[in-house]
Amino acid sequence: MKTFEVKAYGTESIEAPLKQLNIPRREATPKDVEIDILYCGVCHSDLHTARNDWGGTVYPAVPGHEIIGRVTKVGNEVSKFKVGDLAGVGCIVDSCRECSSCEHDLEQYCIPGFTGTYNGKDKHLGTQTFGGYSEKVVVDEHFVLRIPENLDLAATAPLLCAGVTTWSPLKHWKVGKGSNVAVVGLGGLGHMAIKLAKALGANVTLFSRSPEKEKDALELGADQVVISTDETHMSKAAGKFDLIIDTVPYIHDVNHYIPTLTISGTLVLVGYLGKLDPMLNTVPMILGRKSVAGSVIGGIAETQEMLDFCGKHNITSEIELINMQDINEAYERMLKSDVRYRFVIDMASLKA
Ligand code: NAP
Ligand code: ZN
Ligand code: ZN
């Protein structure tokens, strides 16, 4: 298969900082869209992957799955895009296209497994996939999203992961007018969860460890903030929430939040991946028919639905625009929750 080289930023081992390197991209096949990347959001999953937090990272690793760009080439069977169009790529660049999940627009739950935008198995080249910290990407049109023309492009990039990851559980658990939703953690995912839940008509509460974020949370649309380390404050929230979206990236005590669910309420984990410690106490779950669930990103149709909704309601992310060369510092700041509320890379800095 014919390829061409592009500049990218990636890391060659767990400890190594990210640096400039070259990666191959395939020449567009008949179904492919070639995209010149303008902006790429920085997700906490990028950091988990670069540092092999989940195991299984193949090096060199080039993260980035919140991609916005312009189409520079299309294969001759492409019908959704033409050269010059805006285009987005999120966390999925391929799936089997025929299992029951794929048939139901749930590519994120593809039974043989979806191909991640980075650190996936590239079916064309046989290597690992390389993400959006790069000049260009080539993706089958099925996995490419249309971007509303009215939104700020840099601030739209985070919708491709942080947006859809919080949108999907909000829709699955049928959040709407009158729902009571809580969000744990005010970071990239958390701030999108607040904006989207609010726009869907919910009453929204933020659980945060960080009292200094309270003002921002209210400005973003939260109706109240509960400081999760304050026991009296927590006990006042008992029995309130139909849905809690927990975005905390690291191990934490989930039991702490269960008493704040209503009868039949659900706490959905979207952040931390792994065994819980302490273990779940089933007593409040059984006695209140409460659930603890998980959810991963969203399907392609659902991502388009979310983007169209954001276009209509003028919803984008709160961002800090950085140069590609600042990525290592951005990771350190993200670890300290020192980002309001998503870093986005201006890819012009890589091309210069
Ligand atoms: P982020 O911007 O770093 O935000 C995480 C927030 O969680 C922080 O702002 C902080 O909020 C809180 N937090 C951080 N460390 C904590 C700790 N040790 N204990 C308690 N709270 C803590 O991260 P993100 O990009 O939103 O991603 C969040 C997680 O979701 C990551 O693990 C990421 O890999 C995962 N993710 C999952 C999916 C999926 O499909 N399920 C998709 C994308 C990302 P406060 O200061 O307000 O407490
Ligand atoms: Zn992500
Ligand atoms: Zn499938």
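Is E12 buried, exposed or partly exposed? With a relative accessible area of 47%, E12 is partly exposed; here buried means under 20% relative accessible area, exposed over 50%, and partly exposed in between (1.4 Å probe, protein chains only).

This is a predicted model, in which local features need pLDDT of at least 70 and side-chain atom pairs count only at pLDDT 80 or more, while totals for chains, interfaces and linings use all residues. Residues are numbered from 1 along each chain as its sequence is written, and side-chain values use heavy atoms, with hydrogens and water left out.

**Salt bridges**

Side chains of opposite charge can pair when their charged atoms come close. A salt bridge is defined as a side-chain nitrogen of Lys or Arg within 4 Å of a carboxyl oxygen of Asp or Glu. The structure holds 18 salt bridges, including those in the table.

| Pair | N to O distance |
|---|---|
| E12 and K19 | 3.7 Å |
| K351 and D36 | 3.4 Å |
| D140 and R97 | 3.6 Å |

K19, the partner of E12, is partly exposed at 42% relative accessibility.

The salt bridge between K351 and D36 links distant parts of the chain, 315 residues apart: K351 lies in helix α11 (residues 348–351) and D36 in strand β3 (residues 32–42). Helices (H or I, at least four residues) and strands (E, at least two) are DSSP runs, numbered from the N terminus. K351 is partly exposed, at 29% relative accessibility.

D140 and R97 also meet in a salt bridge. Because D140 lies in strand β8 (residues 136–140) and R97 in the loop between β6 (92–94) and α2 (100–103), the pair ties together parts that are 43 residues apart in sequence. D140 is buried, with a relative accessible area of 14%, whereas R97 is partly exposed at 40%.

Finally, E27, E34, K73 and K136 are joined into one network by salt bridges that share partners.

Key:
Chains are lettered from A and ligands numbered from 1 in the order in which they are written.
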